[in-house]
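Hello,

The structure we talked about is placed below, and my notes on it follow. Please read them alongside the coordinates.

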Amino acid sequence: VYVLASVQTPTDPMDVHFIRSTDGGLTWSSPVRVNDDAAGSGAWQWFATMSVAPNGRIDVVWNDNRNTLQVNRSQLFYSYSLDAGVNWSENTAVSPVFDSFVGWPNSIEVLASIRA
């Protein structure tokens with residue numbers, strides 16, 4: 001069983017952490033930090049999600065503001081594991097910087113008007 005989450009840590013507002021259970025959830029591994037920016041940088045890594053490929057590779061993506069340190073200026077980052085989440089690849093930015101505030105909060109109003 002694999003669990004991935006963005007969690008507040010003592011050194012950063014949010015980091016991506018991974019844990020796993022090899023006994024159906026009875027016991028769990030210690031958390032592994034997936035994002036590889038410097039601890040204590042103040043960057044936010046948020047909205048993490050993962051998938052598992054047929055060959056067992058775990059792919060993870062998340063929003064990350066390490067390159068801007070602005071609350072609304074993020075990039076999509078990617079990392080993978082080939083050993084069930086014990087080790088993770090170097091993080092790679094896979095998008096340009098984007099403004100996560102674009103469309104918010106008006107996007108909610110647009111959706112409400114479409115549903116009406």
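**Salt bridges and core**

Arg57 is partly exposed, with 28% relative accessible area; here buried means under 20% relative accessible area, exposed over 50%, and partly exposed in between (1.4 Å probe, protein chains only). Its side chain meets that of Asp59 in a salt bridge, at 2.8 Å from N to O. A salt bridge is taken as a side-chain nitrogen of Lys or Arg within 4 Å of a carboxyl oxygen of Asp or Glu. Asp59 is buried, at 13% relative accessible area.

On the basis of these notes: this is a predicted model, in which local features need pLDDT of at least 70 and side-chain atom pairs count only at pLDDT 80 or more, while totals for chains, interfaces and linings use all residues. Residues are numbered from 1 along each chain as its sequence is written, and side-chain values use heavy atoms, with hydrogens and water left out.

Over the whole structure, the search finds six salt bridges. One of them pairs Arg33 with Asp12, at 3.6 Å from N to O. This pair links distant parts of the chain, 21 residues apart: Arg33 lies in strand β3 (residues 32-33), and Asp12 in the loop between β1 (2-7) and β2. Strands (E, at least two residues) and helices (H or I, at least four) are DSSP runs, numbered from the N terminus. Arg33 is partly exposed, with a relative accessible area of 28%, and Asp12 is buried at 3%.

Arg33 also forms a salt bridge with Asp37, at 3.1 Å from N to O. Asp37 is buried, with 8% relative accessibility. Through shared partners, salt bridges join Asp12, Asp15, Arg33 and Asp37 into one network.

The largest nonpolar core has nine residues: Leu4, Val16, Phe18, Val34, Ile58, Val60, Trp62, Phe77 and Trp88. Such a core is a set of buried Ala, Val, Leu, Ile, Met, Phe, Trp, Tyr and Cys residues joined through side-chain atoms within 4.5 Å. The most come from β5, which gives three.

Leu4, a member of this core, has contacts (heavy atoms within 4.5 Å) with Val16, His17, Phe18, Val34, Ala48, Thr49, Met50 and Val60, leaving aside neighbours within four places in sequence.

Regards
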